[in-house]
Amino acid sequence: MGTIKCIGILTSGGDAPGMNAAIRAVTRCAIYNGLQVKGIYRGYKGLLTGEIKEFKSQNVSNIIQQGGTILKTARCKEFTTPEGRQIAYDNMKKEGIDALVVIGGDGSLTGARIFAQEFDVPCIGLPGTIDNDLYGTDTTIGYDTALNTILDAVDKIRDTATSHERLFFVEVMGRDAGFLALNGAIAAGAEAAIIPEISTEVDQLEELIKNGFRKSKNSSIVLVAESPITGGAMHYAERVKNEYPDYDVRVTILGHLQRGGSPTAHDRILASRLGAAAIDAIMEGQRNVMIGIDHDQVVYVPFTKAIKKDKPINRELVNVLKELSI
Ligand code: ADP
């Protein structure tokens, strides 16, 4: 492997608050260590189309507090084909980029793993997703901000739920992971969370009703993870309407507002630490790993592990929610 002089950075897949803080950290830390930095626009698409620009320190000024990503993000079908990846590699070489830092979720890191293997290119991944579904890191960039956004929304829904004595199913994002729903429910003082990790084990609605749901309260809020495994909030609302017609049921789908907003202090610090660690990893000769923070320590997680291993939910949290919602 030759010496690395220039790194390329891109954000890909679903956007997450804190991606800008990560771009800033990677750029500044690279420059601090004498590396050249090139920003690649619109994820892997920019590698294919050559939308690439040199980044100096001032290109990342005043962005730490901004949601979204200044590099834009996209989904790129061509990159999933060997022909597409060949074009990406040729453009990368043409630009003099020796290593890539990819900020994104499960899909983006899968792309990085395949690309790294195919062309022997050093790729470092940063976990950027509100879903928190990457193995090997306590949290992912954007997760804490999304959780706080959910909290803010559910607090407001609580006011109307209480006034009208209604049962609300609030659908939150998370793909096939229940972290946002479960922790959102605990933080918001909701009555329950319906999450994909448990959907296959029990009928969660039956369990809610059996456990004296609405026994001591005149309103209830249940957070539902959007996953096809749970069926989403509408599915549960329909079931309640059919099976328990006495309940006054409403549904709120929080949707894309969960992806926006200024990142929390937690996400800014996480993104800054991960970004700096990505450059440390490159300087140390690491390749094809995702950088994570595990028990407050920086760790290098092989792509295969970060992507393939299911990140388990903490069962203790499930019990906490159950005990606190009596
Ligand atoms: P996320 O990174 O948020 O999980 P996606 O799953 O949409 O988002 O993936 C983002 C991009 O990563 C895709 O549009 C594609 O360019 C790339 N990608 C995903 N899966 C693969 C794959 N199996 N092979 C190559 N590239 C992939």
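Predicted model: local features only at pLDDT ≥ 70, side-chain atom pairs only at ≥ 80, totals over all residues.
The protein chain contains twelve helices and eleven strands. Its radius of gyration is 21 Å, close to the 20 Å that the globule rule gives for 326 residues, so the chain is as compact as a globular protein of that length. The C-alpha trace spans about 70 × 35 × 35 Å along the principal axes of the chain. Of the 326 residues in the protein chain, 54% are buried. Among contacts with a separation of 6 or more, 75% are between residues 24 or more positions apart.

The accessible surface of the protein chain amounts to about 14,000 Å², and carbon and sulfur atoms contribute 50% of this area. Charged groups comprise 36 positive and 40 negative side chains. The centres of these two sets are 5 Å apart.

Two domains are given by the domain assignment. Domain 1 is made up of two segments, 6-142 and 263-308, while domain 2 covers 144-259. The C-alpha centres of domain 1 and domain 2 are separated by 33 Å. Contact between the domains involves 13 residues of domain 1 and twelve residues of domain 2.

The relative accessibility of Lys38 is 12%, and since buried means under 20%, Lys38 counts as buried. Apart from neighbours within four places in sequence, Lys38 is in contact with residues from several parts of the chain. These are Cys6, Ile7, Gly8 and Ile9, then Ile52, Lys53, Glu54 and Phe55, and finally Glu95 and Ile97. The contacts of Lys38 thus include the negative residues Glu54 and Glu95.

A second residue, Asn148, belongs to helix α5, which runs over residues 143-164. Asn148 has a relative accessibility of 34%; this value lies between the limits of 20% and 50%, so the residue counts as partly exposed. Asn148 and Leu180 are 32 residues apart along the chain, and their C-alpha atoms are separated by 9.7 Å.

Definitions and conventions:
Residues numbered from 1 in each chain as written. Heavy atoms only, no water. Helix = DSSP H or I, 4+ residues; strand = E, 2+ residues; numbered from the N terminus. Rg over C-alpha atoms; globule rule 2.2 N^0.38 Å. Buried < 20%, exposed > 50% of the residue type's maximum accessible area, 1.4 Å probe, protein only. Contact = heavy atoms within 4.5 Å. Areas by Shrake-Rupley, 256 points an atom, 1.4 Å probe, with all protein chains shown as cover. Charge placed at Lys NZ, Arg CZ, Asp CG, Glu CD. Domains from an automatic or database assignment.
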